[in-house]
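Here's a quick briefing to keep beside the structure. Have a look at the picture, then read on.

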Amino acid sequence: MIETAISIAFWVSSCLTLLIIALPSQYIPRRVRQETGGNGKEKVTVQILVLGDIGRSPRMQYHALSIARHGGQVDIIGYQESDPHPEITSHSNITVVPLPPHPAILQTNNKIVFLVFGPLKVLFQILSLWICLAYRTKPAKYLLVQNPPSIPTLAIASVVCFLRQTRLIIDWHNFGYSILSLKLGNRHPLVVISKWYEKFFCGWATAHFCVTNAMTRILKDDFQITKAPILTLHDRPASHFKPILDEEERTQFLASLKEVAATEAELATGDVRVLVSSTSWTPDEDFSVLIDALCRYSEIATTENTALPSILAIITGKGPQKEMYLNEISARAQAGKLEKVDIRTAWLSTLDYAKLLGSASLGVSLHTSSSGVDLPMKVVDMFGAGLPVVGWNRFEAWPELVTEGVNGRGFGSSEELASHLTDLFGNLSKLENLRNGAQKESLRRWDQEWDPIAGRLLGVT
Ligand SMILES: *[C@@H]1O[C@H](CO)[C@@H](O)[C@H](O)[C@H]1NC(C)=O
Ligand SMILES: *[C@@H]1O[C@H](CO)[C@@H](O)[C@H](O)[C@H]1NC(C)=O
């Protein structure tokens, strides 16, 4: 009897000891002492987490660079599929902590298979994320998490932050449930659960950043966050997006691109206008809107108004529906519907993409917003390069980014897009007006936005 009791006590206490030993270490503030060259202030340590490709998460990279530039220490945690910004990899105070990629077998677009593989993928992510946040990295003062994806990031981040005494900050780019509802429909139980989950775990954060005022309003009114500060931190372009003012430099760059069929002479005489769009070729961006509009333009330019210039449309980006649309484009071209339009696709380096935006005449955004309150980063980059934009505008936050008729124009159908194209390309002074507006917009940069808002909150500025 006693022996059994002793053995039970032994096992219970061993398990408890193991559990305590296995708990992640806690964050303890350390001061940089004056005599060792410090300023007596605490060194700010921040972990930045994105459950996606770090290289394709520009905003999280800008956060990292801003923190490090102001003397903070950063761990940036995420998948390493493409190369991060060179300054990130070379900065001595930023460490890239790669998450293990999930097994290829769990990837699917099939709705039914997704329901089975989804949970398996989540299980794998939970484990690798937990190990990374709780053990592979040192405890930090702040954990800045990108949302979405929210599952399982928000839950794990909340628990780890509780155990490690780390302050959780959520950087809201959009809502996870609204993106999921694109795939599954509004009333699907998973969408309902996902909304509840997002609302529940956002309560654990000590502060929130949002990309638009409209999103800030939803967090306040709908998510009922009352205590933690909610700060709007608009996206701004990185420094490599800048206007190219020299006309010769622009034509030279365009002529040097191997994707561009037009000759330097054509570009210089203005017989061809360069239109740029970048897309992720996913179902939430209906690319046929642009194809239809370009066909309509070609029709008008060959019949009603033959003075209209040709269009060279350069489309950048990779994604699942690319092949499908390329087939569609070549079918239309063969049917003679794209006589005055040449559509090319390209995959450019970050710097060449920035130069392309600086050299083109007009940018097109087909981004449709799942929540209505997020904004396309590509339009921000286009403005950075001083490029006027026409974009899909049927969502709430659009006017927060684009001032109608000043730096861009909105459309809600391919007919509307086509009429903007004929109008702007048919009258140089109208296009020039928009370009002036976009170039004014290009003066607004990330540091001006970040330093007084995020920098102050984190205590680095
Ligand atoms: C990294 O942090 C240390 C200590 O705060 C600082 O002295 C150093 O200048 C930082 N390095 C860079 C490249 O900013
Ligand atoms: C071009 O647009 C300007 C307004 O920006 C207008 O004043 C002018 O009449 C237009 N020119 C033609 C030929 O339509």
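Start with one pairing: Arg-217 makes a salt bridge with Glu-396, and their closest N and O atoms are 2.9 Å apart. Keep in mind that this is a predicted model.

**How the protein is divided**

- Domain 1 puts 19 residues into the contact, while domain 2 puts in 12 residues.
- Interface size is often quoted as the accessible area lost when the parts come together.
- Here, about 1300 Å² is buried between domain 1 and domain 2, with carbon and sulfur atoms giving 58% of that.
- The count between the two domains is 1 salt bridge.
- There are also 9 residue pairs in polar contact between domain 1 and domain 2, counting pairs with both residues at pLDDT 80 or more.

**Around ligand 2**
- Asn-427, Ser-429, Lys-430 and Asn-433 are the residues around ligand 2.
- By type, that shell has 3 polar residues, 1 charged and no nonpolar ones.
- Asn-427 has a polar side-chain atom 2.3 Å from an oxygen atom of ligand 2.
- For Ser-429, a polar side-chain atom lies 3.3 Å from an oxygen atom of ligand 2.
- On its own, ligand 2 has 360 Å² of accessible area, and the protein covers 31% of it.

Key. Residues numbered from 1 in each chain as written. Chains lettered and ligands numbered in written order. Predicted model: local features only at pLDDT ≥ 70, side-chain atom pairs only at ≥ 80, totals over all residues. Heavy atoms only, no water. Near = heavy atom within 4 Å. Polar contact = N/O pair within 3.5 Å; in protein donor to acceptor, adjacent residues only side chain to side chain. Areas by Shrake-Rupley, 256 points an atom, 1.4 Å probe, with all protein chains shown as cover. Nonpolar A, V, L, I, M, F, W, Y, C, P; charged D, E, K, R; others polar. Contact = heavy atoms within 4.5 Å. Buried area = accessible area lost by both parts, 1.4 Å probe. Salt bridge = Lys/Arg side-chain N within 4 Å of Asp/Glu carboxyl O.
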